[in-house]
Amino acid sequence: MVRRDASTLRKQATDILRQAIIDQRFPPGKHLVERELCELLGVSRTSVREALRHLESEHLIRMVPHKGPVVASLTATEARNIYEVRAALEGLAGQLFATHATDAQVDELVRISKEITKRVKSGDFDAVLEIKSRFYDVIFAGAQNDMLAHMIHSLNTRVWILRRMSLMSSERSKKMIAEVQSIIKAAQARDPVGMKEACIWHVKSASEVVLPKLDEMENAGT
């Protein structure tokens, strides 16, 4: 139930629906019925429609003629495009972080990396997703390039979906810890080239887990 004493009803409804899609409580292909969403969230149909329009702009839902809003599927092609853009943007962010970040930001990145390792080893992947988001927030803040941060922010929701898919692999989880440590070492050494390469490799390594799964799912559906 949406609380009426925090933020706006539309924003709360949007946030709850977005998280339900990320967590796949609303899986790809699910038809979202406005009346049911109103009852679930305890908000008006107007608030639900505004939330759905916002999620459509994030490419999380699509409007199907004669059916209405449906949770969008992320195709293998779309995922490849996202990974390519992520690699470029996050590589640049890493390079700029090593050059411009404050010592406090480097220390914060180290602290968060230890949280990631702890949560991965405990198998708490929901926590890992949230902590990884903070990890990247620090990198983009330290890069000191607002345009770069804005560009990657526009991909955030779909990036979360891809991260969740990659974390479901136990092999990926182990590799991720090593990749994060490579990023940390380059940050501490103030090595722009090394951090750029480590950030790019981190993205490419995740793509090697997720893209074959998406390809397999699409082939099975043909």
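Hi everyone, let's start with the hairpin: β1 and β2 form it with three residues between them, and H66 in the turn has a positive phi of about 65°. Please keep in mind that this is a predicted model. Strand β1 covers residues 61-64 and strand β2 covers residues 68-71, and the two pair in the antiparallel sense over four bridges. If you want a place to begin looking, find I61, which stands opposite V71 in β2.

Now to the cysteines. How many disulfides does a search of the whole structure find? The count is zero. As a reminder, a disulfide is a covalent bond between the sulfur atoms of two cysteines. C38 has a relative accessible area of 14%, so this residue is buried. C199 is buried too, because its relative accessibility is 2%.

Next, S44. You'll find this serine in the loop between α2 (34-41) and α3 (45-57). Is S44 buried or partly exposed? At 38% relative accessibility, S44 counts as partly exposed.

Last stop, the core. In soluble globular proteins, nonpolar side chains tend to be buried together. Here the largest nonpolar core has 70 residues, and F97, L109, F135, I139 and M195 touch the most other members. Let's take L109 from that group. Leaving aside residues up to four places away in sequence, L109 touches F97, F135, V138, I139, I184, A187 and M195.

Technical notes: Residues are numbered from 1 along each chain as its sequence is written. This is a predicted model: local features need pLDDT of at least 70, side-chain atom pairs count only at pLDDT 80 or more; totals for chains, interfaces and linings use all residues. Side-chain values use heavy atoms; hydrogens and water are left out. Two strands pair if DSSP finds at least two bridges between them. A disulfide is a pair of cysteine sulfur atoms within 2.5 Å. Buried means under 20% relative accessible area, exposed over 50%, partly exposed in between (1.4 Å probe, protein chains only). A nonpolar core is a set of buried Ala, Val, Leu, Ile, Met, Phe, Trp, Tyr and Cys residues joined through side-chain atoms within 4.5 Å. Contact means heavy atoms within 4.5 Å.
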